[in-house]
Amino acid sequence: MKRISIASPVFNGNEKKYLNECIDTGWVSANGRFVKEFEEKFAEYCGCKYAVSCSNGTVSLHLILLAMGIGSGDEVIMPTLTYIATANTVRYCGATPVFVDSEEDTFNIDPKKIEEKITSRTKAIMPVHLYGLPANMEAIMELSKKYNIPIIEDAAEAHGAEFKGERVGSFGLAASFSFFGNKVITSGEGGMVVTNDEELYKKMKLLKGQAVSLDKKYWHIAVGYNYRMTNMQAAVGLGQLENINWHIAERERIAKLYRKYLKGTEAYMKMQYAPNDYKQTYWMNNIMLQDIVAKGRDQVMEEMEACNIEMRPVFYPMHIMPPYLDNTISCPIAEKLGARGISLPSHAMLTEEEVAYICDCLKKIVMEG
Ligand SMILES: Cc1ncc(COP(=O)(O)O)c(C=O)c1O
């Protein structure tokens, strides 16, 4: 069996054609038709009025926080189990990320544990739709209303995911997406903010382009940033977006195959669970090794690697890593998921034979000692 990698982009639409157009016309930087078109089509896809493209999904989060005026002394509530960019962007603003434990079955922020973290300094709650599974947006939006705290969705991993029939990205004040090469759709590197708030949108547009005045060339009205997406990235992103239904269908197909071939192994490894009415788009399929499994997670991954299968650990909780180390925080579920969770190869075009092989190897390694 050839090596099976954890992620691998598939370009089977207009990506090459659009990219060639950038090169042929010379529109390779941030001006050019694809940037505008990608923004408009992505906003529409998310059911939002506005979209602001950026160079990646980290700076798109940063841009939201900057435009909201979040800064020193402010707090932003988020899951401790996330990718580090979620926390870093809050730090970039001089504000403090406040970490919340996860739900064991969904891996997502536990809404029941958010309320106790709300203080007079809380300026936003930032749920993450982890691995393509929406967080419990009903409970989170209730808290948002009760305390009048805006919601920023970190939807970096969840293009097209839905909570109770509504697409992620449209719940909060703004949402951020990533188009890194391993995501559901990619632009190589890239990010996008979507929002319905016109004022926030205008601020983000300004800040991402060095805050240059709209009516006076080379006149800058604030300290801005170069967070622009190039026309070449947007060309690839647009080509992918045109085929997003296919990309998501592929991920759903693979998720079904994992459930078929891992059926009956729940005592040893449980898959991340999507409750009814949650549409996961399976950026990654994940398992959580159960206590009965004597082997450590890293050993399981090493043995899978020997079978020529790439796996990756579920994210480590923020509060146990050097930049955010805090021994006073107790988030036992996130710590367990971070220690025992594994992400499985989940990309489009994996064959049934490959998924069956992965599951066979996993069962042998995990269940037979
Ligand atoms: C939850 C989350 N937030 C933010 C990001 C940052 O996106 P990017 O890598 O495009 O900067 C990622 C990327 O994987 C992510 O998973």
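Author: On a grid over the protein atoms alone, a pocket is an open set of points with protein on both sides within 12 Å along at least five of seven lines. Please keep in mind throughout that the model discussed here is a predicted one.

Reader: How much space lies in the largest pocket?

Author: A pocket is an open set of points, and its volume is the space filled by probe spheres set on such points. For the largest pocket of this predicted model, the space found in this way comes to about 740 Å³.

Reader: Which residues lie nearest the centre of the largest pocket?

Author: The lining of the largest pocket is made up of 24 residues, and these divide into nine nonpolar, six polar and nine charged. Those that lie nearest the centre of the largest pocket are K205, G209, V212, L214 and R228.

Reader: Which element gives the most to the lining of the largest pocket?

Author: The elements that give two or more residues to this lining are α2, which covers residues 33-46, and α6, which covers residues 198-208. With five residues in the lining, the element that gives the most is α6.

Reader: How many residues apart are E104 and K336, which link distant parts of the chain?

Author: Among the 22 salt bridges that the structure holds is one in which the side chains of E104 and K336 meet at 3.3 Å, N to O. E104 lies in the loop between β3 (96-100) and β4 (122-125), whereas K336 lies in helix α10, which covers residues 332-340. Both count as partly exposed, E104 at 33% relative accessibility and K336 at 32%.

Reader: What is the volume of the largest cavity?

Author: A cavity, unlike an open pocket, is a set of points where a probe fits but cannot get out, and the count comes to one cavity of 30 Å³ or more. Its lining holds 15 residues, of which S8, P9, V10, K183 and R251 lie nearest the centre, and the lining divides into six nonpolar, seven polar and two charged. The volume of this largest cavity is about 90 Å³.

Reader: How far apart in space are Y18 and S8, C-alpha to C-alpha?

Author: Y18 lies in helix α1, and with a relative accessible area of 8% it is buried, because buried means under 20%. In sequence, Y18 and S8 are ten residues apart. In space, C-alpha to C-alpha, the separation of Y18 and S8 is 21 Å.

Reader: Which residues make the nonpolar surface patch of about 230 Å²?

Author: One of these residues lies in helix α1, which covers residues 15-25, and this residue, I23, is exposed, with a relative accessible area of 52%. The residues that make the patch are I23, V28 and M232.

Reader: Which residue has a positive phi of about 50° although it is not a glycine?

Author: N308, which is not a glycine, has a positive phi of about 75°, and its place is in the loop between α9 (297-306) and β13 (312-313). The residue asked for has its place in the loop between α6 and α7 (231-242), and at 0% relative accessibility it counts as buried. The residue with a positive phi of about 50° is A211.

Methods:
Residues are numbered from 1 along each chain as its sequence is written. This is a predicted model: local features need pLDDT of at least 70, side-chain atom pairs count only at pLDDT 80 or more; totals for chains, interfaces and linings use all residues. Side-chain values use heavy atoms; hydrogens and water are left out. Patches are made of residues with over 30% relative accessible area and no salt bridge: like charges are joined within 9 Å, nonpolar side chains (Val, Leu, Ile, Met, Phe, Trp, Tyr) within 5 Å. Accessible areas come from the Shrake-Rupley method with a 1.4 Å probe; for residues, only the protein chains shown count as cover. A salt bridge is a side-chain nitrogen of Lys or Arg within 4 Å of a carboxyl oxygen of Asp or Glu. Helices (H or I, at least four residues) and strands (E, at least two) are DSSP runs, numbered from the N terminus. Buried means under 20% relative accessible area, exposed over 50%, partly exposed in between (1.4 Å probe, protein chains only). On a 1 Å grid over the protein atoms alone, a cavity is a set of points where a 1.4 Å probe fits but cannot get out, and a pocket is an open set with protein on both sides within 12 Å along at least five of seven lines; lining residues have an atom within 4 Å of a point. Ala, Val, Leu, Ile, Met, Phe, Trp, Tyr, Cys and Pro count as nonpolar, Asp, Glu, Lys and Arg as charged, and the others, Gly among them, as polar.
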